[in-house]
Amino acid sequence: MKVLQSISAVAGKYFAVWVILIALLAFFFPAAFLGFGSYITILLGVVMFGMGLTLKPVDFKIIFKSPLPVVIGVAAQFLIMPFAAFAIAYVLKLPPELAAGLVLLGCVPGGTASNVMVYLAKGNLALSVAMTSLSTLLAPVMTPLLLLLLAGQWLPVDPLSMFLSIVQVIIIPIALGILVQRFFPKVVAKSVTIVPLISVAAILIIVSAVTAANAQNVISSGFIVFLAVFLHNGFGLLLGYLTAMAMGLNETDRRAISLEVGMQNSGLGVALATAHFSPLAALPSVWGAIWHNISGPILATIWSKKSADKKEVVGVDRGVEVKPWKA
């Protein structure tokens with residue numbers, strides 16, 4: 001078990017490196033990875049089950065104790081990222097499938113890797129965890145509606161079908177994880193430290209499958225898609241911070257909201273794009289899985305060297321433990 005824990009820690013720490021390496025392998029040797037495409041939904045469910053194993057009632061305490069920052073953050077999540085994606089797709093004149101894929105990336109909830117980034121950035125960890133959890137629970141409704149509004153001009157969107165997909169790959173696995181934690185706490189406590197390894201492996205397989213399916217598209221559209229994802233992530237990080245500042249929130253809250261808004265659940269974007277659009281539409285989310293896990297650590301490192309106001313309390317001091325890393 002200790003060996004697995006050590007491997008798990010290394011897997012999480014160097015996640016961006018592994019993603020880049022597996023993407024390169026899948027690009028140069030696509031035939032070896034094409035078979036994984038049919039398992040994308042199952043693999044994402046495994047990642048979400050791991051999230052459920054780590055969720056605790058304390059993660060939702062801040063929603064009732066101090067709801068304003070959570071409401072501001074989640075509202076920013078579902079306003080800034082979808083509309084920024086729409087604007088970027090329009091300005092760059094992306095082809096329909098890529099435009100819809102970028103908007104889809106903007107419409108999914110925040111990713112759980114942001115929790116660790118917020119902790120490293122000396123941000124409000126409690127707020128970060130609450131935002132991730134709440135935005136994920138709202139995703140079955142918000143993601144299909146926003147997609148119908150913003151991406152319908154490029155590709156047909158079936159909101160009911162997408163609602164059911166999100167419930168199947170997110171809500172049910174998370175609920176099962178919470179139930180397992182509730183009834184088998186000792187087993188979960190012993191094994192939860194290897195959850196990052198399982199989650200990283202699942203995300204890597206998903207990235208490899210979509211990269212393999214898009215090997216030729218990466219050559220023709222790789223740069224423009226990366227530029228779109230780069231701009232989208234940058235606007236999310238910046239506008240998330242500025243929104244929190246404009247609403248009078250403190251520095252630790254600003255950092256949390258910035259990273260939460262900017263870092264998306266790319267795995268969900270890949271799964272939904274593959275199931276409801278096309279493999280090409282999943283390409284923005286693949287680039288998102290790579291870039292978000294590079295820009296996040298960079299920003300967290302910068303902020304970690306700049307102490308927030310000593311009067312402000314960071315999330316780790318609010319009784320919230322740092323969660324095992326999950327992609």
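Trainee: Which residues is V210 in contact with, leaving aside its neighbours within four places in sequence?

Mentor: In this predicted model, V210 is in contact with I40, V270, T274, P279, A282 and V286. V210 itself lies in helix α11, residues 195-213.

Trainee: What makes V210 count as buried?

Mentor: Its relative accessibility is 3%. Buried means under 20%, so V210 counts as buried.

Trainee: Why are α5 and α6 called roughly antiparallel?

Mentor: The axes of α5 (residues 67-91) and α6 (residues 96-107) cross at roughly 165°. Angles over 145 degrees count as roughly antiparallel, so the pair is given that name. The axes come within 7 Å, and α5 passes α6 in a right-handed crossing.

Trainee: Which residues make that contact?

Mentor: From α5 come Q77, F78, M81, P82, A85, F86, I88 and A89, and from α6 come A99, L102, V103, G106 and C107. They divide into eleven nonpolar, two polar and no charged.

Trainee: Which residues have the most contacts inside the largest nonpolar core?

Mentor: They are L102, V103, L147, V207, I257 and L259, in a core of 94 residues. Helix α5 gives the largest share of this core, ten residues.

Trainee: What is L147 in contact with, leaving aside its neighbours within four places in sequence?

Mentor: L147 is in contact with A100, V103, L104, C107, G152, V157 and M162.

Conventions
Residues are numbered from 1 along each chain as its sequence is written. This is a predicted model: local features need pLDDT of at least 70, side-chain atom pairs count only at pLDDT 80 or more; totals for chains, interfaces and linings use all residues. Side-chain values use heavy atoms; hydrogens and water are left out. A nonpolar core is a set of buried Ala, Val, Leu, Ile, Met, Phe, Trp, Tyr and Cys residues joined through side-chain atoms within 4.5 Å. Buried means under 20% relative accessible area, exposed over 50%, partly exposed in between (1.4 Å probe, protein chains only). Helices (H or I, at least four residues) and strands (E, at least two) are DSSP runs, numbered from the N terminus. Contact means heavy atoms within 4.5 Å. Axes are lines fitted to C-alpha atoms, for helices over the stretch in contact, and angles run from 0 to 180 degrees between N-to-C directions. Angles under 35 degrees count as roughly parallel, over 145 as roughly antiparallel, 65 to 115 as roughly perpendicular and the rest as oblique. A crossing is left-handed if the near helix is turned anticlockwise from the far one by less than a right angle, and right-handed if clockwise. Ala, Val, Leu, Ile, Met, Phe, Trp, Tyr, Cys and Pro count as nonpolar, Asp, Glu, Lys and Arg as charged, and the others, Gly among them, as polar.
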